[in-house]
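Subject: Structure for your review

Dear colleague,

Please find the structure below, followed by an account of what was found in it.

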Amino acid sequence: MKNILKYIFAAAAVVVLASSCLKETLPQTSTVTTSQAAAAPGSFDNFVSAITSSMAGQFTYGGSSSTYPYDFGYPSFFLQRDVMGQDLVCETGGSEWYTTWYACGTGLGPDYAVCQMPWTYYFKWIKNCNTVLSLYQADPSEDKAAGAGIAYAMRAMFYMDLARMYAPKTYGEDQSAPTVPIVLESTSLEDLPSNARATNAAMWAQIISDLDNAETLIANYDRPDKYTPDLSVVYGFKARAYLTMEDWANAEKYAKMAQSGYTLMNAAQYTDQATGFNTPNASWMFALTFKSDDPNILLNDADSCWGSQMIIEVSESGCGYSSNYVGPKRIDAHLYSTIPATDFRRMCWVDFAIDELETEDEVLEALAEYSDSPEGLFNTGYMVSATACVGGMPVKFRPKDGEHADQYKAFTVAVPLMRVEEMYLIEAEAAGMQDEARGKALLEAFGQTRDPEYVYGSHNEAYGNSSTKAFQNECWWQRRVELWGEGFATFDMKRLNKSVIRSYAGTNHPEGNRWNTSGVPDWMTLCIVRTETNYNSACEQNPTPIMPTADSEEYIF
């Protein structure tokens, strides 16, 4: 299958680069004509809505004629980033669509279609924001203020992602390191062919400026639902930004402000078989959702969506890459082994010990603790997965309303983009980097909401990097468990200068991908698509990552 995937990616690259890449590759076309955009009735509100509604459900990259199973919007980038580390384990064999990111495939190089994917997506989203801001600046009336605030907030979020994906060094390491070219509503077409990559200093200054504007414009906005950002989300974005910038005082301040009005998820909500991580609750601050009439649900048997990749309890449908074709993206065996039995989050993944049971009846009885469809889990683990086991399979992300037979319903789920738990963890880390005792107390208090027996200091191993403070290692462990599968793995590893550790005794990473690195691996810094560097003479390229040639010696924890 790997050879087939290489052929698909190579062929797609030729088609895209030869025929449509100049049209699709942005930011060359990220500016808009304000008079054209403003001509349509209700255009401003429509453009504001498009900022968030375009984040999922569409085949934004390939179009409906190319229903790639990873072309389903913003949550796909969660997986692209998370499989680059060790916490999400990809299956061997089969049609694993995230192999390129997991295995440092050639598609990460600047001449391939996969390399163009984030560039196409993110700068289209930024274009949507710039359109709204252009319209607002042409008519800065009060009724447009909230819409402009949403545009500023979302543009900041998109640039935060781009900066962390493309900068070879984080803001804390090197403020002069390059990120990506900045394209604003004021950027002219004449500027684009010589638009250099902004430094970390310039990029994060722009991000904070956008968030300051958002904070002012969105202050009195009463959002209709959690699929639209409000002031609390702006505070959350600021907390994320200041965490990356290592401005600990401001990170703590805004993380605390963002928590107002929200409550932590409890064990029942975490493991609810009908609504677990598929329906906004009092913990969710910001989300997106897949709808029944989305192309990603209607076409390709709904196999081109988040649910197909991350929801495994739909074996009765006969569809779903995780449940019926390839097998699930599992939790790293070592990470799982560090989660105590008293921590309710452990129930988000099937216990590896179940594979040691002797009879099918014993296995089914054990699986019934995780799902009301134990037969489905059994089938996915033993009949579908190349590894023929159930250990480590995720049941964190549940099918909608517990639906097991109809994927068109099961996959119409919401996906969290920000939860208050993240804010608690940012507050604790930021506080501890100023006053470690205070940070420890906050982290222990949070940990005890998940595990009443948690005591600070249980999870501060260096994990291949002795330079990180033990306190930050403990914070990182909580983030790895709490936010698993939600898109933070690569960002955290880069800002903490963490190594990838996949080779160790008892690993569940497949042979050929059992790599241990010394520090952040080069494949976590994305290449810029070739057409951008060809037509933007000031845009320098990142090095093409090189796949390791052999498995590493086993790491000893």
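The lining of the largest pocket divides into 13 nonpolar, six polar and four charged residues (nonpolar: Ala, Val, Leu, Ile, Met, Phe, Trp, Tyr, Cys and Pro; charged: Asp, Glu, Lys and Arg; polar: the others, Gly among them). This is a predicted model, in which local features need pLDDT of at least 70 and side-chain atom pairs count only at pLDDT 80 or more, while totals for chains, interfaces and linings use all residues. Residues are numbered from 1 along each chain as its sequence is written, and side-chain values use heavy atoms, with hydrogens and water left out.

A pocket is an open set of points on a 1 Å grid over the protein atoms alone, with protein on both sides within 12 Å along at least five of seven lines; a cavity is a set where a 1.4 Å probe fits but cannot get out; lining residues have an atom within 4 Å of a point. The largest pocket holds about 360 Å³ of space, a volume being the space filled by probe spheres set on grid points joined across faces, edges and corners. Of its 23 lining residues, Ser-49, Thr-52, Ser-53, Tyr-227 and Thr-228 are the closest to the centre. Helix α3 gives the largest share of this lining, six residues (helices are DSSP runs of H or I, at least four residues, and strands of E, at least two, numbered from the N terminus).

The whole structure has six cavities of 30 Å³ or more. The largest cavity holds about 170 Å³, and its lining has eight nonpolar, three polar and eight charged residues. Helix α22 supplies the largest share of that lining, four residues.

Yours sincerely
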